[in-house]
Every structure is written in structure tokens, then in C-alpha cells.
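Here is a friendly walk through one predicted model. Please have a look at the sequence and the structure before reading on.

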Amino acid sequence: MSEKPKLALYWASSCGGCEIAVLGLHEKILNVAEAFDIVFWPCVMDFKYADVEAMDDDSIDVCLFNGAIRNDENARLAHLLRRKSKVMVAFGSCASGGSMPGLANFTDRDAMFDWIYHKSPTTDNPDGIVPMKHTDVPEGDLELPGFWHTVKTLAQVVPVDYFLPGCPPEASSIEMAVNAILTGQLPPPGSVIGPDVTVCDECPREKHEKKIKRFYRPYEIIPDPDTCLLEQGLFCAGIATRSGCGARCPQVGMGCRGCYGPNEGVVDHGAKILTGIASVLDAQTPEEVDAILDTLPDPAGYFYRFHLPDSLLRRRARANGEKIVAPASEAAGEPA
Amino acid sequence: MSEQEKRVGVYVCHCGHNIAGTVDVEHVAEWSQHLPNVVISRDNKFMCASTGQEQIEEDIKEFGLTHVVVASCSPHMHEKTFRNACARAGMNPYLFEMANIREHASWVHPNDRDGATNKAKALVSAAVHRVIHHEPLEPMQVKIRPETLVVGGGIAGIQAALEIADAGYHVYLVEREPSIGGHMAMFDKTFPTLDCSACILTPKMFDAGAHPNITLLTYSEVEKVDGYVGNFTVRVRKRARMVDEDLCTGCGSCWDKCPIKVVDDVFEAGMGYRKAIYRPFPQAVPKYPVIDVENCTYFKTGKCRMCEKVCPTEAIRFDMEDQYVDLEVGNVILATGYKLFDCRRIPNYGYGRLENVFSSLEFERLTNAAGPTEGKVVLRDGETVPESVAIIHCVGSRDKNYNEHCSAICCMSSLKFAHLVMEKTGAQVYNFYIDMRPISKGYEEFYHRILSEGTTFIRGKVSEITDAAHAPDEEGKLIVVAEDTLIGKQRRVPVDMVILAAGLEPRADSQAVGYMFGVGCGDTGFFTERHPKLDPVATATEGVFIAGACQGAKDIPDSVAQGAAAAARVLGTISRREVALEPVRASIDESRCSGCRICNNMCPYNAIDFIEAEGVSRVNPALCKGCGTCVAACPSQVITGAHFTFDQLMAEIDGILVDVTGEMPLVTEVI
Amino acid sequence: MSDNGTFEPVIVGFLCNWCSYRAADLAGTSRMGYPATLRDIRIMCTGRLDPTFVLRALQKGADAVLIMGCHPGQCHYQEGNYKAIRRFVLLRRTLRQMGIDDARVQLHWASAAEGVRFAQTVARVTEEIKALGPLDWPHNWPNEDPYALQEANS
């Protein structure tokens with residue numbers, strides 16, 4: 001057994017879909033189990049952090065890390081697993097780009113806690129209790145991991161060797177990555193494992209010259225089954241999103257949401273969706289452009305759905321321009 | 001070449017005191033030593049002088065420089081100079097970059113030495129960061145077809161066509177009207193020599209019509225233009241004349257016998273009549289008439305056919321249809337001329353309402369011996385000779401309500417009118433002007449001659465021309481109301497006739513024509529030249545030149561000069577046989593193009609084709625002008641804009657934002 | 001910040017080669033003074049402006065971005081500035097959601113003959129940004145990762 005490469009899988013700030021995606025390999029999961037010695041997979045088996053800490057540095061051959069980094073615990077495991085692993089893979093959109101947890105960067109911890117623990121209509125919290133980093137109980141001091149203002153991607157916390165995007169990554173993508181690891185046929189470190197064309201390449205819908213007069217929400221029209229969705233006014237990020245998924249969403253009439261992230265060489269996914277879409281608006285004056293864009297609510301949400309923490313700006317500025325000064329975990333008595 | 005192997009030389013120019021007077025150039029040069037990949041950084045009194053250029057050449061050899069940055073003036077001033085210096089030392093000239101620390105720093109921040117110096121440091125840093133991403137580029141060589149298309153058969157177009165044809169190359173001269181000649185053919189006399197306009201123009205028209213190297217395409221319009229410098233394909237629509245040019249002798253029997261009289265709005269400016277089959281004027285080239293199908297009885301009712309009956313050569317063809325002619329040419333000269341300002345747009349001048357208010361073109365026809373009154377200057381009734389005439393300058397020109405520009409010809413034509421009126425009628429003439437601008441050779445002298453002939457000059461813009469009399473001597477007259485700004489008094493001058501010196505405007509379709517040929521229009525609507533001072537007949541599109549009043553209001557000698565200049569430019573490219581195109585162009589990495597077709601309608605020059613079979617888009621490099629719009633549009637970032645690449649511009653942004661306040665450049669880190 | 005503590009904004013300019021860059025040249029040739037706040041980058045046409053460039057400039061510390069091109073209808077490339085308008089308007093909407101004031105990314109026109117207009121625009125934008133204060137995006141949030149801090153200290 002000791003001949004087999006050691007594999008670790010970890011789930012940070014994410015929905016768990018990536019774990020399911022691994023299981024979605026179906027019978028091929030057996031190949032994985034056979035090929036690797038799984039040394040750490042908290043989702044499936046019970047491990048203690050101390051067990052990992054006890055391992056030698058670089059003793060894990062591959063770590064598949066899913067989830068964004070949004071609190072001290074996520075960061076602790078990221079640093080720990082980085083130290084213990086030879087190859088660190090950012091697995092899925094959260095680890096690669098921040099994804100859904102990363103949308104919290106449109107706000108910050110204070111605003112979120114205020115809403116969640118005080119203001120939301122479903123909150124019943126007459127004593128105004130909020131989670132604290134430290135709580136004294138008879139048994140001693142209970143500590144919760146510090147909760148960050150800003151969600152980060154894995155690569156913003158530790159060096160990452162490979163990125164495997166997708167929300168979750170398609171079984172075929174995982175298989176490709178696993179095979180690459182097993183056979184040692186890996187691209188240069190820092191690469192995204194996947195093709196460097198966009199979803200349009202795999203999308204069977206017919207594409208024409210585009211002129212968008214207005215946008216529609218998916219419930220507003222029944223799109224023509226053979227024509228490019230974007231041409232029909234349905235938001236589709238496929239023009240700017242790496243392929244590898246088989247264009248599954250557009251094939252069933254739902255525009256691509258961008259989970260596979262930007263194409264090779266692109267530094268800001270949202271900017272590329274933005275420029276592609278803006279370029280084909282059928283308008284000349286700012287007023288005409290505005291009229292069309294009134295039919296596209298929440299553009300930043302559309303453009304940065306999966307990659308806000310990985311974008312150039314990473315997060316929203318605070319209202320009134322004030323800075324977030326203190327790190328979350330510094331001040332005692334701060335909300336966790 | 002790896003990043004480490006790149007060796008950059010930085011040269012900071014004093015430009016005498018022009019830069020060094022404000023920017024601490026020694027400090028900028030010293031500071032720049034610390035920028036990435038910089039191996040040598042110097043300051044120099046005058047980089048553009050031969051010693052400065054030689055310094056670059058020596059350093060390239062001595063220090064093995066791979067890239068060069070010069071911080072001096074605008075790249076529009078000396079980019080070529082320094083590129084050439086690099087090329088002389090064996091470096092690809094596109095591995096050079098310029099930082100503009102004169103026009104954009106020292107000259108605009110004269111009282112802020114720190115600010116200007118910091119800005120200069122930022123601009124040098126930007127250039128250094130950018131230049132290390134530069135790649136060697138080669139200009140693209142394109143073969144030039146020797147044929148030329150001239151659009152517009154006025155004096156500028158005729159001149160251009162003759163120059164090229166005389167040099168031995170073929171010209172297609174396309175004219176919208178049935179005859180070439182343009183506005184000049186309508187005039188009686190030309191200023192300041194008072195030459196007979198027809199006498200000097202008709203020989204040129206005849207030459208153009210008879211020249212073996214000129215194909216005249218009159219009554220024709222350009223429909224479509226494809227291609228690029230050296231290789232344009234042009235589709236011309238030849239409207240049906242309904243007259244067979246091979247058979248017609250131009251004898252005139254047809255228009256003599258044609259029973260339909262039509263007011264001639266074009267050539268006679270509405271002052272006279274022509275027939276439904278007509279030749280615009282006796283000296284027309286070509287000599288063949290056309291049938292005006294809108295007014296011809298046969299085309300309206302199916303009856304008449306008088307012209308057909310009287311034609312001795314059976315040249316009338318009622319079934320003739322428009323023809324399309326496809327031309328292949330290497331260069332194009334646009335000489336589409338101007339439109340006269342419509343004086344009705346100034347209602348207070350009464351044109352069109354007060355019958356004895358004439359436009360300048362109407363007066364030209366009135367005074368022309370071949371015109372409707374055979375040259376007699378009379379009122380609209382056709383017999384009364386005016387005893388007093390007012391000539392109003394700047395009608396529709398130099399007026400922000402209509403056209404801000406000066407129409408350049410009106411002062412002189414107004415002086416000419418004053419002379420002609422006095423010569424022919426002995427009437428008292430009043431010229432109302434804002435400023436006199438007789439600026440060319442012999443013009444001031446002509447002004448003095450008219451002054452001495454007794455014309456009264458009143459300096460003041462006319463506010464109103466009215467027939468509402470306030471005093472007995474105004475009864476039955478036109479009263480010209482103006483403030484005489486020289487005596488500071490409001491004046492009312494009663495006259496029998498008023499001539500409005502209408503301004504020159506761009507053609508109504510100049511935008512559309514410009515669009516077809518890839519030529520922009522300025523805020524006035526006239527075609528935009530490549531450089532207003534140093535390249536006045538070239539345009540943004542290689543191989544398309546402009547001449548005459550389509551480029552801006554001008555008189556005959558200037559139009560002729562521009563026509564000849566455009567011809568010289570065309571002959572220059574023809575004799576080179578090929579031209580080098582700037583390599584600033586877009587290209588698509590087809591292996592990575594996903595065929596989304598976002599870029600397809602970005603290109604104003606139709607340089608992007610979608611290759612259906614391969615599902616990718618492709619740029620035709622000869623058509624591409626390098627604007628980069630498709631590059632910015634490509635959502636998968638697989639279009640590269642040479643010399644303005646994504647990496648180059650991102651590096652330039654990073655470089656321009658380094659912290660310049662300290663002794664060392666500090667790159668901004670993002671947490 | 002300047003030495004005496006007053007805020008001197010850093011504005012990154014993207015100027016098209018044919019109109020606004022030449023307007024800036026003309027402002028120079030005519031010695032029209034304006035604040036030394038603009039650091040300009042030449043692009044062939046405002047149509048080349050990838051929104052990524054604007055985001056990069058803000059990310060790297062620019063207090064504002066000023067995009068200038070030919071007047072609508074006068075683009076050297078016929079209609080590149082119309083494409084710039086479309087991208088600009090959508091970018092502005094997106095940046096609003098990122099909490100960035102409209103004044104920090106502006107699009108203006110200046111023809112090659114409008115040196116005065118160019119200088120006035122830079123002066124006006126500078127005043128607006130001075131009133132808004134620094135953006136300072138690189139320090140917009142602290143490093144909240146205690147383990148990164150630990151590693152840095154060890």
C-alpha cells in the first residue's frame with residue numbers, strides 16, 4: 001500500500017457539491033480508491049487535524065482542495081495542507097474563483113452579521129446574541145474560527161499548482177485531471193486543467209452576427225432551440241467562459257453562468273463577459289445603452305457570479321469609502 | 001528571449017530648457033536605473049540631434065540593448081526619428097517606446113517641478129514596463145494596382161484625373177451629374193483675374209473626356225467599396241441615360257423638339273429651363289443628353305416619343321437600364337465638392353419670399369452670357385435694371401447658428417459681384433461684410449480695385465432684409481438693416497436687389513460617402529485629412545485621398561492645387577509599386593477561437609470574416625487598420641492587437657502606477 | 001499625498017491616438033497648464049479599451065480613470081468611440097455595484113483641436129476626485145489571514 005500515491009481531499013467554504021462530484025465518478029471512484037491511498041477526507045471518514053499535523057511535510061502527493069477561504073479555519077487547513085502536500089489542486093469554482101461564498105464580497109462581515117443576527121425578518125434574537133470568537137463556559141474557553149470580511153480564493157492564501165474549475169467540475173474534467181496526475185502528464189504548474197477555448201466551442205447552437213436590443217430573464221421567453229441564446233437576449237457567459245463542461249446549460253436553454261471561469265490569459269472574468277456583451281449592444285448613445293441595460297439587472301452579479309474574489313477588484317468598497325482596518329481575528333470580543 | 005535577457009536603455013531628453021526647465025531630468029534618469037531590465041539610463045541635451053541618436057546606436061552595440069525608451073516629446077513628433085536610429089543599429093524599430101514628458105509634462109506643469117518630475121518618472125516607468133513586452137514587427141508589403149478612381153468631376157477631380165492620366169496611368173472618373181465640370185462650369189467669371197470661367201475650364205473638361213487614359217463614368221455613382229490600398233474593388237452604378245452613347249452625335253435635335261420644359265434646379269439654379277431630354281450646358285462633357293424620366297411624357301404616359309422620332313442616329317433607348325460596373329483600382333481620390341448653403345434657412349433674409357433677393361449661384365447664372373438672361377443683370381421680372389444692389393457676405397458662414405467655419409470664397413466672389421454689377425448696370429453697390437478676408441495672391445489688390453471703383457463697404461452683419469418701408473424713400477425697395485460697426489449706428493439701406501453670398505457646406509451625403517471609403521468627417525462635416533497641416537490630402541485610410549472643397553471650403557486655385565497634390569501622392573504610391581503598411585494590426589489565434597462571433601460586427605472596415613466551415617473568425621490583415629476594437633471585444637481574449645497587446649498595455653498600467661515619490665520605484669502590491 | 005499632506009490624486013488616462021492624445025499634445029504646445037495628476041496611456045482608439053484596463057488601474061492604486069476619445073461621429077476609425085460608450089456605460093453600472101463612485105471613471109471627448117477642452121477636463125476631474133478623496137484600493141481591506149501573518153513573522 002505504501003507504494004500508492006497519497007491523496008487528501010478537503011472541503012473549505014463551499015456547498016459540498018464538489019465532494020458529490022467526486023462520488024459522481026460512479027464506478028470510476030473505485031479506480032481512484034485503488035490508485036490512491038486516501039489519507040485525509042473529512043467528508044467521508046473521520047480524521048483529526050492533529051493527524052494531518054503529525055504527517056511529514058510534502059508527504060501527501062496530491063491534495064484536492066475545494067471551497068473558498070472565508071474564515072480562520074479554512075485558512076488554517078489551507079496552510080496546513082499546503083505544507084503537507086506536494087501538489088495542491090484548487091478543486092472547483094469556490095477554491096479557484098470564490099464562487100457563491102465569494103459573492104459575500106459584495107458586502108462585509110459587519111453588514112452580514114447585522115442582517116443575519118438582527119435585521120432579517122426571520123431572525124428571532126431578542127437578546128441580540130451574536131457569535132463571539134471566544135466564549136467562556138464552565139468547561140473553559142470555547143473558540144470559534146475568526147470570520148473574515150473578505151472571501152479569498154485558495155491561491156490568494158497559499159500557492160496552488162493546478163486549478164480544476166467547475167461548479168462542480170464535470171466528472172469528465174475530474175477524470176482527466178486524475179489521469180493526468182496518475183500518468184504524470186501534467187501541464188506546467190499554475191495551469192488550469194482544461195481546454196483553452198470557450199463554451200461556444202462546444203455549444204451546438206447556431207451563432208450569427210450579434211445585435212442585442214434588450215435582455216430577457218429566462219422566464220420571459222421560450223428561446224429558439226437552435227440559435228445562440230445571447231442573440232435572443234438571454235444572458236449567457238459562454239462567450240467568455242472556459243469550456244470543458246460540454247456546454248450543458250446552453251444546450252438545455254439556460255445561458256452559461258460562467259462556472260468554469262475565464263479563458264487562458266484572462267485576468268478578470270467579469271471584464272471579459274462585460275466587454276463581449278457590451279460590444280454587441282444595438283445602441284449608439286449612452287441613453288440608448290442605458291435603456292437596454294435596464295433589462296439586465298445586477299450586472300456585477302452576472303459577471304462575477306463565480307469569480308468575484310478572483311477578480312481584479314476582489315470586493316466591494318465599503319459604503320462611505322471607509323476602510324476595513326483591523327483583521328477579523330485581532331480584536332478580542334469581536335464577533336467571530 | 002527570456003525576461004532576464006532583456007536589456008533596456010533609457011534616454012531622458014532635456015530638449016534644451018523645454019523639458020529640463022521644469023522636470024529634474026538628471027533625477028529621472030538616475031531613478032530609472034532601478035526600473036526592471038534597465039541596464040543604462042542617461043540624460044541628454046537633445047536626443048533628436050545627431051549626437052543623441054548616435055548615443056542610442058552606440059549603446060545598442062556596446063551594452064547589447066534589446067529595447068530602447070526615449071523620454072522626450074510626443075511620439076507624433078519624433079517616434080519615427082528614434083525608431084530609425086534603433087533600426088540603424090540593427091534593432092527592430094518596434095522594440096522602441098517613447099515617453100512624452102514634454103507636451104504631457106514639462107509644458108503643461110510649468111509651475112509644479114515636483115509634479116512634473118513625478119509624472120515624468122511615472123511615464124518613463126510605464127514605457128519601460130511596456131517596452132519589455134514589445135515584439136519585433138515587420139511592415140506588411142502590399143502591391144499597388146496602377147489604376148485610380150477619382151470620385152467627382154469638378155475642377156479638383158478633373159485636375160487630379162488629368163495629372164495621373166498624363167503620367168501614363170489609367171483613371172476612372174466618376175461623376176454623379178450628366179456632365180463633368182462641377183460648380184465651376186456654372187460661373188461666369190473667376191476672381192481676381194475676371195477670367196471667363198468656361199473659357200479656362202472647358203479645355204480641361206474636353207481633355208478629360210478625350211484622354212485615352214481616362215474612362216469617364218458620368219451620371220454614375222459609387223455603390224460599394226471593398227478592399228484596401230493597392231487593391232480596391234469598386235462597384236459603380238451607371239444610371240440609364242436612355243441614350244445610346246455609341247450612336248448619339250450630340251446634334252441636339254432631340255432637345256430642340258422635346259415638348260417638355262422643366263425648371264433647371266441644378267445647372268441654372270432654378271433660374272432657367274431645360275427640356276425633359278437635355279444636356280446640362282452646351283460645353284458638357286460628354287456631349288450626350290440624358291432623359292429625365294420623372295418629367296418625360298413617354299415615361300409618364302407611354303406616349304410622345306418625339307425625341308426618338310427626330311433622332312437621326314436612332315440613339316434613343318427607352319428600355320435602357322442602370323448598369324453596374326466593377327472597377328479594380330489601387331488608389332482613390334475623393335473630390336466630391338460642396339453644397340451651397342440654402343439661404344432659406346435664414347428667414348430674416350427673405351430669400352424665397354422676397355423676389356429680388358438672389359443667391360450667389362443665381363447671380364452667377366444671371367450674369368453669365370450663356371445664362372437665362374444672356375448675361376443681363378436684371379430683377380426677377382426679367383427686365384428692370386437695378387439702380388442699387390446690396391451684396392451680403394458670410395450668409396450661413398461664420399455664424400454659430402448655421403456654420404461656424406469661414407467659407408473662404410465669399411469675400412472674393414462678393415467683390416467680383418460688385419464689379420460685375422457696376423460694370424453691367426452702373427448701379428450703386430453696397431457690400432455688407434463682417435471682416436474682409438482677401439488672403440491669397442492678388443486678392444488684396446482686387447479688393448482695392450473694387451474700393452476704388454466706388455462700391456460702398458459697410459462693416460456689419462445684416463440683421464434683416466425687409467420690404468416693410470419706414471420712410472418714403474424705402475417704398476417699393478428692399479431695405480437692408482444692419483449695424484454699421486465702424487460708425488456705431490443702425491442703418492437701413494434701401495436697394496432694388498440683394499445678393500446673398502451663400503457659404504459652402506459639405507455635401508448632404510458626405511457622412512455616407514466617407515463611411516463607404518473609410519474617411520471620417522470632422523465636426524463641420526468636411527472629410528478629415530490625416531494631418532491638418534502636414535498631410536492635408538491623405539486620409540486615415542491608406543490609398544484614399546481627398547481634394548478640393550470636400551476637404552473644406554476653398555476656391556478654385558486651392559482646389560486645383562489639392563487635386564494635383566492628391567494625384568502626386570497617388571503617382572508616388574504607383575511608382576513604388578508596393579506600399580508598406582504599419583504592422584499595428586489585429587490577428588486571431590484561430591486554434592483558440594470559439595466562433596462566438598462577438599467580434600464580427602465590430603470592424604468598420606469589414607476586415608473580419610467568419611469562416612463557416614472551421615467555425616472561427618479571421619482578420620484580413622490588409623483591411624485591418626489596427627484600431628483594436630475587436631481586440632477589446634473578444635471575450636475569450638484570442639485576438640491580439642499588434643503593438644497594443646493585452647500584456648503591453650497591462651504592463652504599462654502597472655508601470656505608470658509605481659510609487660514615484662521615493663528614490664526607488666516601488667511596485668504596488670495587492671494583498 | 002504630497003509633502004504638505006494635501007491629497008493629490010493619481011488619475012490614469014486612456015487617450016486615443018488621433019483626437020485626445022493630440023489634444024493633449026496641443027495643450028502642451030500651447031502651454032496650457034493643468035494639474036499634474038493625469039498619467040496618460042496612448043491607445044489607438046477608445047474602442048481598444050478593454051474594461052480590464054480600467055479595473056487594473058483602480059486595483060493598482062489609481063484614484064480615478066479618465067478615458068478620452070474623439071467626439072461621437074468623428075472617430076478616426078468611424079465608430080470605435082461608439083463601442084467605447086457601450087462598454088463604458090456597462091462598466092459604470094458594474095462599478096457602482098462595487099461601491100465605486102461614477103466620478104472615478106469618466107469618459108470625455110476632445111478633438112485634436114481642443115487643447116483647451118482637454119486641459120479643462122483634466123482640471124475638472126482632478127477637482128472632483130480631490131473632493132471625493134483617495135480611493136486607495138490596494139489598502140481597501142486588511143490581510144485577515146492570521147496564519148499568513150504568523151508565517152510572515154516566523
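## Where chains B and C meet

Chain B brings 47 residues to its contact with chain C, and chain C brings 42 residues; two residues are in contact if their C-beta atoms, placed from the backbone, lie within 7 Å. On the side of chain B that touches chain C, the elements giving two or more residues are helix 5 (102–106), helix 6 (113–131), helix 17 (629–633) and helix 18 (646–656) of chain B. That side of chain B divides into 24 nonpolar, 14 polar and nine charged residues. Here Ala, Val, Leu, Ile, Met, Phe, Trp, Tyr, Cys and Pro count as nonpolar, Asp, Glu, Lys and Arg as charged, and the others, Gly among them, as polar.

This is a predicted model, in which local features need pLDDT of at least 70 and side-chain atom pairs count only at pLDDT 80 or more, while totals for chains, interfaces and linings use all residues. Residues are numbered from 1 along each chain as its sequence is written, with chains lettered from A and ligands numbered from 1 in the order in which they are written.

## Chain A as a whole

Turning to chain A, you will find 13 helices and ten strands; these are DSSP runs numbered from the N terminus, helices being H or I with at least four residues and strands E with at least two. The C-alpha trace of chain A spans about 65 × 55 × 30 Å along its principal axes.

Of the contacts in chain A with a separation of 6 or more, 75% join residues 24 or more positions apart.
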